[in-house]
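Here are some friendly notes to read with the model open beside you. Take the points one at a time and find each residue on screen as you go.

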Amino acid sequence: MKKTKILYGIGSDTIPRDVINSAEPVVFKQLVGDWPMVQAGLVSDQSSVDYLKSFYNGNPTIVCKIPPENNGRMFYNENCTQLDYESFKGRIDETLDAILGGAEQMDSPAYYIASNIIATHLSGFSDTNAIVIPREKHPDAMEERVSIWIGGATTATCHFDALDNIACCVAGKRKFTLFPPNQISNLYPGPLEPTPGGQVISLVDFKNPDLQKYPRFSDALLSAQVAELEPGDALFIPSMWWHHVESQAPYNVLVNYWWDDAPAYLTSGMNALYMAMLGIRDKSAHEREAWKHVFNHYIFDGAEKSNSYLPSEARGFLNILDRLGGRKLRALLTNKLNR
């Protein structure tokens with residue numbers, strides 16, 4: 001596997017826009033090395049914990065408790081119908097203490113807080129621990145969502161996200177194994193529900209892959225990249241890239257910046273996928289093949305191919321959607337589905 005490209009000397013407010021536009025993963029070496037959170041962690045894990053606790057406002061959050069026999073991996077039972085770990089409402093400060101308390105005990109459960117929104121739980125943290133995303137966003141695009149991941153030596157099984165993402169390692173160490181979107185079939189995605197975090201995950205155990213059961217995983221590895229992050233490093237993960245995340249220290253903290261420059265009034269691609277399951281997937285082979293061409297014409301080749309030869313007043317939904325057009329299209333779909 002090749003190493004992900006590394007860029008040096010880039011500051012938290014000087015991320016190049018062309019790097020984000022390239023839609024290729026890249027490591028920003030020491031992008032957030034000057035953050036107070038990172039500096040606290042370089043003193044000790046306890047200093048890092050104390051620093052985080054100083055911002056905690058007491059709001060409860062979802063905590064994952066992973067049994068020791070899982071070795072930190074969040075996955076399924078044998079028939080993939082239930083998750084193989086416990087989730088409950090807890091406190092960030094108590095979870096931090098539990099992580100440090102069980103760090104050196106082999107028979108202790110692992111604790112994990114996934115994608116907790118910083119603004120709702122760690123008031124003021126982002127005032128001195130922040131980066132600037134170089135965006136060319138639509139006026140109605142979402143604001144960046146900033147979240148924090150806290151845990152022991154845990155593994156987030158390979159998955160993709162529909163948002164662009166910069167992941168900042170602020171304590172511990174992280175190893176990312178990344179795959180381009182075209183490797184989806186070679187990664188053997190599991191059920192659409194339930195899932196550990198809302199996204200479909202690969203069924204392959206990366207530490208002990210069963211190549212008889214999942215033989216195409218060998219092909220996926222030919223396209224894989226590896227990025228290893230130390231405190232202060234950050235990784236840009238383009239939307240839809242698959243990534244397997246191993247936390248490699250007894251105590252690990254990651255801060256993520258998520259964004260989408262498209263207008264927020266558009267719906268998610270997953271909704272379109274579910275609609276296609278309802279309307280296309282189970283039709284005949286020749287009809288499915290025909291719909292590939294229809295989708296290329298109207299969707300994947302962009303709006304211009306399907307509307308450029310039409311009078312502007314006749315384009316309707318073939319125009320790039322504005323807020324009103326999006327609302328009308330939602331209403332149309334709702335009416336059709338409710339018939």
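How do the residues of the lining of the second largest pocket divide into nonpolar, polar and charged? Point 2 has the answer, after a word on the model.

1. **Ground rules.** This is a predicted model, in which local features need pLDDT of at least 70, side-chain atom pairs count only at pLDDT 80 or more, and totals for chains, interfaces and linings use all residues. Residues are numbered from 1 along each chain as its sequence is written, and side-chain values use heavy atoms, with hydrogens and water left out.

2. **The second largest pocket.** The lining of this pocket divides into 12 nonpolar, 10 polar and 2 charged residues. Here Ala, Val, Leu, Ile, Met, Phe, Trp, Tyr, Cys and Pro count as nonpolar, Asp, Glu, Lys and Arg as charged, and the others, Gly among them, as polar. In total 24 residues line the second largest pocket, and Asn71, Gly72, Ser108, Ala110 and Ala153 lie nearest its centre. Two or more lining residues come from each of α4 (92-101), β6 (110-117) and β13 (242-247). Helices (H or I, at least four residues) and strands (E, at least two) are DSSP runs, numbered from the N terminus. The volume of the second largest pocket is about 490 Å³.

3. **How spaces are found.** On a 1 Å grid over the protein atoms alone, a cavity is a set of points where a 1.4 Å probe fits but cannot get out, while a pocket is an open set with protein on both sides within 12 Å along at least five of seven lines; lining residues have an atom within 4 Å of a point. Grid points are joined across faces, edges and corners, and a volume is the space filled by probe spheres set on the points.

4. **The cavity.** Searching the whole structure gives 1 cavity of 30 Å³ or more. The largest cavity holds about 110 Å³ of space. It is lined by 15 residues, with Trp149, Phe176, His243, Val245 and Leu254 closest to its centre. At least two lining residues come from each of β8 (155-159), β9 (164-171), β10, β13 and β14, and β14 gives the largest share, 3 residues. The lining of the largest cavity has 9 nonpolar, 4 polar and 2 charged residues.

5. **Salt bridges.** Side chains of opposite charge can pair when their charged atoms come close. A salt bridge here is a side-chain nitrogen of Lys or Arg within 4 Å of a carboxyl oxygen of Asp or Glu, and the structure holds 16 of them. One joins Asp93 to Arg91, with the closest N and O atoms 2.9 Å apart. Asp93 counts as buried because its relative accessibility is 19%, whereas Arg91, at 32%, is partly exposed. The terms mean under 20% relative accessible area for buried, over 50% for exposed, and in between for partly exposed (1.4 Å probe, protein chains only).

6. **A bridge between distant parts.** Which residue forms a salt bridge with Arg135? The partner is Asp261, and the closest N and O atoms are 2.7 Å apart. This pair links distant parts of the chain, 126 residues apart: Arg135 sits in the loop between α6 (125-128) and β7 (145-151), and Asp261 in the loop between β14 (252-259) and α8 (269-281). Arg135 is buried at 15% relative accessibility, and Asp261 is buried at 18%.

7. Asp140 forms a salt bridge with Arg323, with the closest N and O atoms 2.9 Å apart. Asp140 lies in the loop between α6 and β7 and Arg323 in helix α11 (residues 323-337), so this pair ties together parts 183 residues apart in sequence. Asp140 is partly exposed at 28% relative accessibility, and Arg323 is partly exposed at 42%. Salt bridges with shared partners also join Arg17, Arg135, Glu136, Glu144 and Asp261 into one network.

8. Is Phe179 buried or exposed? Phe179, in strand β10 (residues 174-179), counts as buried because its relative accessibility is 0%. Phe300, in helix α9 (residues 285-300), counts as exposed because its relative accessibility is 61%.
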